Amino acid sequence: MRLSTSSNICNFDRGQPYMVSFEEALRICAAAGYKYIDANLCGLARPGKKVSPLTQEDWMEKAK
């Protein structure tokens with residue numbers, strides 16, 4: 001069995017939900033020892049989020 005978590009775990013562990021970037025969430029999870037992380041992309045498309053690249057005009061390039 002492999003222990004994993006979701007990249008959105010950081011969005012609920014902070015004072016302001018959905019304000020942690022996807023890249024920062026991955027760094028935090030890796031620093032905590034996780035080697036397997038489910039990439040939750042919903043947070044990347046949430047309007048009003050500080051970092052929400054999939055709501056921008058260049059979303060297709062960001063998704064690549």
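Okay, hi everyone. Residues are numbered from 1 along each chain as its sequence is written, and side-chain values use heavy atoms, with hydrogens and water left out. Since the model is predicted, local features need a pLDDT of at least 70 and side-chain atom pairs count only at pLDDT 80 or more, while totals for chains, interfaces and linings use all residues.

So, pLDDT: that's the predictor's confidence in each residue, from 0 to 100. Our chain averages 81, and 84% of the residues score at least 70.

Now the overall layout. You'll find two helices and two strands here, and along the sequence they follow the pattern β-α-β-α.

Next, what's inside and what's outside? I'll say buried for under 20% relative accessible area, exposed for over 50%, and partly exposed in between, using a 1.4 Å probe and protein chains only. Of the 64 residues in the chain, 28% count as buried. The chain exposes about 4,900 Å², with carbon and sulfur atoms supplying 54% of that. Those areas come from the Shrake-Rupley method with a 1.4 Å probe, and for residues only the protein chains shown count as cover.

One more word I need is contact, meaning heavy atoms within 4.5 Å. If you take contacts between residues at least 6 apart in sequence, 40% of them join residues at least 24 apart.

Let's zoom in on helix H1, residues 22–31. Which of its residues are buried? They are Phe22, Ala25 and Cys29. These three sit on the same side of H1, because they cover an arc of only 55° around the axis. The arc is taken from the directions from the helix axis to the C-beta atoms. On the other side of H1, you get Arg27 and Ala31, which are exposed. And what do the buried residues pack against? Strand E1 (4–6) and strand E2 (36–38).

Glu24 counts as partly exposed because its relative accessibility is 33%. After H1 comes Gly33, with a positive phi near 105°.

Now over to E1, where we find Ser6. Ser6 counts as buried because its relative accessibility is 17%. Leaving out residues up to four places away in sequence, Ser6 touches Cys29, Ile37, Asp38 and Asn40, and Cys29 is one of those buried H1 residues. The side chains of Ser6 and Asn8 are joined by a polar contact of 2.9 Å. That term means a pair of N or O atoms within 3.5 Å; within protein, one must be able to donate a hydrogen and the other to accept it, and residues adjacent in sequence count only if both atoms are side-chain atoms.

Is Ser7 buried or exposed? Buried, because its relative accessibility is 2%. Setting aside neighbours within four places in sequence, its contacts include Phe22 and Ala25, plus Ile37 and Asp38. Asn11 is in that loop too, and at 5% relative accessibility Asn11 is buried.

Last stop, a couple of exposed ones. Leu3 comes in the segment before E1 and is exposed, at 66% relative accessibility. Not counting residues up to four places away, Leu3 touches Tyr34 and Tyr36. Cys42 is in the loop between E2 and H2, exposed at 61%. The C-alpha atoms of Cys42 and Asn8 are 8.7 Å apart, though 34 residues separate them along the chain.

That's me done, thanks!

Key: Helix = DSSP H or I, 4+ residues; strand = E, 2+ residues; numbered from the N terminus.
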